[in-house]
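Visitor: I have a model open and would like to go through it. Can we start with the strands?

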Amino acid sequence: MCDLCRASSDTSDHLFLLCPFDVDLWHWIGSIFHIQIDTSSLAAILSMCSLQWSPQIKSVLASGIVHTANTVWHCRNFCRFQYTWTTMAKAKARIKMGISMSGNLSKLCANCSHHDFTILRNLNVSPHYNSAPVITEVLWYTPLPGWNKINSDGAAHDAPSHARGGAIFRDSPSDFLGCFASYLNIKDSLYAELRDAILAIEISHNRGWNKVWLECDSMNVVDIFKDYASKLMQSDAPNLAPDAPDLTPNMLGQMHQTWADASDLLGQMHQTEQPW
Ligand SMILES: [Zn+2]
């Protein structure tokens, strides 16, 4: 005989799903989360945790389900072995205390919504919010008429580790010309930055784009290109402004050849990149 209702046999289904005592508790938990909990089976109850909610709310709901089942079992045993009836208010207080203790140990984050805030406050759980994103203004300048612009980038997960990179090409009206992405195997970030800048120059040369502006976020790559361009200007094109090296067909051809040699020294190129 069920010790909680004295009206039915003491089966697991009755004790945790059907007994009026815990049906009231499930309804109460559902009202806190503004949902109707399906108590037809334990799987149906746990399926409530898969709703499109924030990670912290899902975690707190899972904690609520566990503590509710635990409290039902506790009340049943308390009644059976100590002959003491636990009131509904005490059972709810016990569940709330358990949810609060479990919820405050979690590092999962809630949404910045009134829905999440009211649920967590009701259960004495401190809301955790994601840090505000850092918004950085980035200006992209169009190249001069007749020029094309390359934006290249490369990165490695560690030094060295899996490295990737790529570049995007646009003309002076900012129209998209093409792009590529490459996997570079286990390399460091400087290799990735330099390797894709070299490949971008090669592609520009092969397509006859003789006036290109290469932009990347690696000062090492910029210094390498500037140093080489200044040497070329001293020997072949002394009239060019040093701050804005114009890669003439002759210079571009020489740079292409030199960087092709350099890329051989840097290592064998991976074959996964697919420009255009
Ligand atoms: Zn019962």
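**Strands, helices and cores**

Guide: Lys 149 has Trp 213 in E4 as its bridge partner. This is a predicted model, where local features need pLDDT of at least 70 and side-chain atom pairs count only at pLDDT 80 or more, while totals for chains, interfaces and linings use all residues. Residues are numbered from 1 along each chain as its sequence is written.

Visitor: In which sense do E1 and E4 pair?

Guide: E1 and strand E4 (residues 212–215) pair in the parallel sense, over 4 bridges. Strands here are DSSP runs (E, at least two residues), helices are H or I runs of at least four, and both are numbered from the N terminus. Pairing requires at least two DSSP bridges between two strands.

Visitor: And E1 with E2?

Guide: Strand E1 (residues 148–156) and strand E2 (residues 161–171) are antiparallel, over 9 bridges. They form a hairpin with 4 residues between them. Ala 156 has Ala 163 in E2 as its bridge partner.

Visitor: What is the strand order in the sheet?

Guide: The order is E3-E2-E1-E4, in an open sheet of 4 strands with mixed pairing. Strand E3 (176–187) and E4 are the edge strands, each pairing on one side only. E2 and E3 pair in the antiparallel sense over 9 bridges, and Gly 166 stands opposite Ala 181 in E3.

Visitor: Which helix lies across the strands?

Guide: Helix H7 (residues 189–206) lies across E1, E2, E3 and E4, at about 155° to E1. Axes are lines fitted to C-alpha atoms, for helices over the stretch in contact, with angles from 0 to 180 degrees between N-to-C directions.

Visitor: Different topic. How many residues are in the largest nonpolar core?

Guide: It has 26 residues, and Leu 25, Ile 57, Val 60, Leu 61, Leu 120 and Leu 123 have the most contacts inside it. A nonpolar core is a set of buried Ala, Val, Leu, Ile, Met, Phe, Trp, Tyr and Cys residues joined through C-beta atoms within 7 Å; buried means 20 or more other C-beta atoms within 10 Å of a residue's own, C-beta atoms being placed from the backbone.

Visitor: Which helix gives the most to this core?

Guide: H4 does, with 6 residues.

Visitor: Where does pLDDT stay under 50?

Guide: Over residues 237–258, and over residues 260–273. pLDDT is the predictor's confidence in each residue, from 0 to 100. Where pLDDT is low, the predicted coordinates should not be read in detail. The protein chain averages 82.

Notes
Contact = placed C-beta atoms within 7 Å. Buried ≥ 20, exposed ≤ 12 C-beta atoms within 10 Å, placed from the backbone.
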